[in-house]
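Trainee: I would like to learn how to read this structure. Please take me through it feature by feature.

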Amino acid sequence: MQSSSPELPISRRFFKVMVPGFHSKLTIPPAFFPKLKGDKSEKGTIIKGKDTWNVEINRSKKGIISFDKGWEEFVQNHDLRVGDFAVFEHLGNMSFSVTLLDSTGCDKKLLEKSEHVPSQEKKKKVKSAQSGIEKRKVEGDQPHYQCMKGSSEFTARIKEYNVRKRSPYMHIPTEFCQSNALFQNTTMTLTGPSGKSCPVSLRICNGGKTLYACITRGWHDFFSSNKLKVGDVCIFQLDRSKSDSNSIAINVRVL
């Protein structure tokens, strides 16, 4: 008589890919919820190495469970970015150990404290960069697009084709798309100085080996409502608090 196979233990692990919107909170996969059945704790802990981080556990009316207050501090201290991975293991009582991987799938390495730019010096550099953008606008030599690798914002100077009557569009820098995991067609919401939120279509195109993207449908409504004109310099900034895997929110400032 054959003996029955031993019952396999229920997995206590899950992983999450960091997508736009992950900075403020992180949702636990719904398929993992049954493993948390009976645990009604409102407080949780995330253990990374020898450090422990306290987070609040949010439960929505629809039963969605997520890491809330305290998660953003964890993200900042571990320099998590869009495209990074986090592998969690549930230890019980809403306590989780975590392993962090970068976008290549390798262990994520953090800079030593001595390598970080002091906060006061950093603020001066940011202020200097912003002043530089304004200065270039006055002098008229502002580049068409500006975007640093890993950034959640980019700067663009409005050109003739951006505000023409027929088929206007706005190009999105490749660096911005790669840094924020924008690899497929989607709908975004742009909010400009007028305060009006305009839904627009983001179209991802593949030109040979080059990835490029542009805002098409809805762009005319946006530039018209904000009275954009040729020569205006705009800063497009991803609003992480209002973005998630299903929707992208971007705030636009005009210098």
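Trainee: Among contacts in the protein chain between residues at least 6 apart in sequence, what percentage join residues at least 24 apart?

Mentor: A contact means heavy atoms within 4.5 Å. Of the contacts between residues at least 6 apart in sequence, 54% join residues at least 24 apart. Before going on, note that this is a predicted model, where local features need pLDDT of at least 70, side-chain atom pairs count only at pLDDT 80 or more, and totals for chains, interfaces and linings use all residues. Residues are numbered from 1 along each chain as its sequence is written, and side-chain values use heavy atoms, with hydrogens and water left out.

Trainee: How many helices and strands are there in the protein chain?

Mentor: Helices (H or I, at least four residues) and strands (E, at least two) are DSSP runs, numbered from the N terminus. The protein chain has four helices and 15 strands.

Trainee: Which strands pair with E7, and in what sense?

Mentor: Two strands pair if DSSP finds at least two bridges between them. E7 (residues 95-101) pairs with E6 in the antiparallel sense over seven bridges. Strand E3 (residues 43-48) pairs with E7 in the parallel sense over three bridges.

Trainee: What is the bridge partner of Glu89 in E7?

Mentor: That partner is Ser97, and Ile47 also stands opposite Ser97. Val87 has Thr99 as its bridge partner in E7. E6 (residues 85-92) also pairs with strand E1 (residues 13-17), antiparallel over five bridges; there Arg13 stands opposite Glu89.

Trainee: Which residue takes a positive phi in the hairpin of E6 and E7?

Mentor: Asn93 does, with phi near 55 degrees; the hairpin has two residues between the strands.

Trainee: Is E7 mostly covered or mostly open?

Mentor: Buried means under 20% relative accessible area, exposed over 50%, and partly exposed in between (1.4 Å probe, protein chains only). E7 is mostly covered, with five of its seven residues buried. Of the 255 residues of the protein chain, 35% count as buried.

Trainee: Why does Asn162 count as buried?

Mentor: Asn162 counts as buried because its relative accessibility is 0%. This residue is in the loop between strand E9 (153-157) and strand E10 (170-172).

Trainee: What does the side chain of Asn162 reach?

Mentor: The side chain of Asn162 reaches the backbone nitrogen of Lys159 at 2.7 Å.

Conventions
A polar contact is a pair of N or O atoms within 3.5 Å; within protein, one must be able to donate a hydrogen and the other to accept it, and residues adjacent in sequence count only if both atoms are side-chain atoms.
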